[in-house]
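Let us read this structure step by step.

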Amino acid sequence: MRDVAARVGVTERAAQKIVADLVEAGYITRLRAGRRNSYTVATGRPLRHPLDSGHELDELLAVLVPESTARAEG
């Protein structure tokens with residue numbers, strides 16, 4: 001969480017709150033592994049804002065994480 005907060009430019013506490021909100025809304029799932037958590041993005045979810053309601057999270061991810069990059073990391 002510390003790394004995510006630093007990369008995004010928010011406090012660690014803010015990052016924790018954002019992640020907790022995303023977990024609660026069903027956009028990501030959290031899996032506890034010992035003392036660490038791993039997260040998975042839930043694909044196929046609609047965006048929450050009314051102006052974006054006709055779009056899915058997958059569309060945003062396709063722009064942010066090009067498919068060739070995702071395959072190389074996976």
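## Reading the chain, feature by feature

Q: How far can I trust the picture, and what is the average pLDDT of the protein chain?
A: Check confidence before detail. This is a predicted model. The protein chain averages a pLDDT of 86, and 91% of the residues score at least 70.

Q: Which element has the lowest mean pLDDT, and which the highest?
A: Go element by element. Helix α4, residues 67-73, has the lowest mean pLDDT, at 55. Helix α2, residues 12-25, has the highest, at 94.

Q: Why does a low pLDDT matter when reading predicted coordinates?
A: Where pLDDT is low, the predicted coordinates should not be read in detail. Keep that in mind for helix α4, with its mean pLDDT of 55.

Q: What elements are in the protein chain, and in what pattern?
A: Count first, then read the order. There are four helices and two strands. Along the sequence the pattern is α-α-β-β-α-α.

Q: What is the accessible surface of the protein chain, and what part belongs to carbon and sulfur atoms?
A: Read the total, then the share. The total comes to about 6200 Å². Carbon and sulfur atoms account for 55% of that surface.

Q: What share of the residues is buried?
A: Buried residues make up 9% of the 74 residues in the protein chain.

Q: What share of the contacts comes from residues 24 or more positions apart?
A: Look at contacts with a separation of 6 or more. In the protein chain, 4% of these are between residues 24 or more positions apart.

Q: What does A5 touch, not counting residues up to four places away in sequence?
A: A5 touches V10, T11, E12 and A15. Take A15 from that list: A5 and A15 are 10 residues apart along the chain. Their C-alpha atoms are separated by 5.4 Å.

Q: Where does A15 lie, and is A15 buried or exposed?
A: A15 lies in helix α2. A15 is buried, with a relative accessible area of 4%. Leaving aside neighbours within four places in sequence, A15 is in contact with M1, A5 and V10. A15 and D3 are 12 residues apart in sequence, and 9.7 Å apart in space, C-alpha to C-alpha.

Q: How many salt bridges does the count come to?
A: Look for oppositely charged side chains that meet. The count comes to two salt bridges. In one of them, the side chains of E12 and R2 meet at 3.6 Å, N to O. E12 is in helix α2 and R2 is in helix α1, residues 2-8. The two are 10 residues apart, and the pair links distant parts of the chain.

Q: Which side chain does D21 meet in a salt bridge?
A: The partner is K17, at 3.1 Å, N to O. D21 and K17 both lie in helix α2. They are four residues apart, about one turn of the helix.

Q: Is E24 buried or exposed?
A: E24 lies in helix α2. E24 is exposed, with a relative accessible area of 72%. E24 and A62 are 38 residues apart in sequence, and 23 Å apart in space, C-alpha to C-alpha.

Note on methods. Residues are numbered from 1 along each chain as its sequence is written. This is a predicted model: local features need pLDDT of at least 70, side-chain atom pairs count only at pLDDT 80 or more; totals for chains, interfaces and linings use all residues. Side-chain values use heavy atoms; hydrogens and water are left out. Buried means under 20% relative accessible area, exposed over 50%, partly exposed in between (1.4 Å probe, protein chains only). Contact means heavy atoms within 4.5 Å. Accessible areas come from the Shrake-Rupley method with a 1.4 Å probe; for residues, only the protein chains shown count as cover. pLDDT is the predictor's confidence in each residue, from 0 to 100. A salt bridge is a side-chain nitrogen of Lys or Arg within 4 Å of a carboxyl oxygen of Asp or Glu.
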